[in-house]
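Please look at the structure below before reading on. The report that follows goes through a few local features of the backbone and a pair of helices.

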Amino acid sequence: MPVINAVSPEARAIASLFDTLLIVCAVLFIIVAGSISYIIFRYRGRPDAAEPVQIHGNARMEIIWTVIPFLVLVWIFVETARAMSASDPQDPRKPDLVIISHQWWWEVRYPGSGAVAANEIHIPVGQRWRVLLDSGDVIHDFWVPELGRKMDMVPGHPNSIWLNPSRPGTYLGTCSEYCGTQHAWMRLRVIAQPLAEFKAWEDRQVRSAAAPPSGHAGEGLNDFKGLTCLNCHTISGVNPQKSVGPDLTHLASRNTLGAGVLSNSPDTLARWLKNPQAIKPGCHMPNLKLSDDQVNALVAYFETLR
Ligand code: CUA
């Protein structure tokens, strides 16, 4: 029974190395701690005992207790090197996916189709994707334990990893390098889907936002343009690309808000718009002091962004 639930060949290499090391270390611990305990008890001080025979050097034993640990270390080294190459195979091909970390959310770009998402990473099952990891500000760290290794995201120095889920599912991840106040609320979810389902999702994401709605939602669109929203956020077909905050073109299709801090519903979206600082203190979206009317109109509009 593996300790880590691994759902990709890369993660399985790490999990099986972990299991091996855990067993090796447990056996060594039992041998060493058991011997020490036995010897402490067996040869404890006795007031009436004579001084035992003094021994100086024993070449045979010294060779044995040097060679055995040496062989154990060589074995661990070989196993580690194998797990490293299996969990991070070299293949300098073009990235299938680009993830850019920001304080405190994830920008997700699909170079093939031009789709842009945030915090929720849809990928197809059974395809080995090369993922380029970059940062827009400070050092973050990408980690989805079930799918593979951790990898630092260093501004100006892109790294890459592989995502290669073997079965559909939602795999949770988080930023694993302290990156400021809201480091803990920098969650991500990888949604692995059968290829056809993934393609359908990607096709929807590539589309521009639905035609400007009328009524309440139309007022929301006007608020989006008239307030400062579009200085940081993009809605495809409304304003040019900005990467300060998440792309909102398909906001309503996502499961969470604020990189996992709230589940996504009209109520939580209204709470977020009313005062993001109350929900995620220190995040880069200020309290815009919107009126209830403005919040309701924006929610009505954003709910059309499927
Ligand atoms: Cu980003 Cu911690």
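## Backbone and helix packing

Lysine 289 sits in the loop between helix H6 (276-279) and helix H7 (292-302); helices (H or I, at least four residues) and strands (E, at least two) are DSSP runs, numbered from the N terminus. This is a predicted model, in which local features need pLDDT of at least 70, side-chain atom pairs count only at pLDDT 80 or more, and totals for chains, interfaces and linings use all residues. Residues are numbered from 1 along each chain as its sequence is written, and side-chain values use heavy atoms, with hydrogens and water left out.

Most residues other than glycine have a negative phi, and most peptide bonds are trans.

| Residue | Phi | Relative accessible area |
|---|---|---|
| Alanine 259 | about 55° | 1%, buried |
| Lysine 289 | near 55° | 67%, exposed |

Buried means under 20% relative accessible area, exposed over 50%, and partly exposed in between (1.4 Å probe, protein chains only). Alanine 259 is in the loop between strand S11 (256-257) and strand S12 (262-263).

Another loop, between strand S1 (97-102) and strand S2 (105-109), holds tryptophan 104. The peptide bond leading from glutamine 103 to tryptophan 104 is cis, with omega near 0°.

Helix H1 (residues 9-42) contains isoleucine 40, which is exposed at 57% relative accessible area. H1 packs against helix H2 (residues 59-87) at an angle of about 165°, and their axes are 8 Å apart. Axes are lines fitted to C-alpha atoms, for helices over the stretch in contact, and angles run from 0 to 180 degrees between N-to-C directions. H1 and H2 are therefore roughly antiparallel, a term for angles over 145 degrees.

Note on methods
Parallel < 35°, antiparallel > 145°, perpendicular 65-115°, else oblique.
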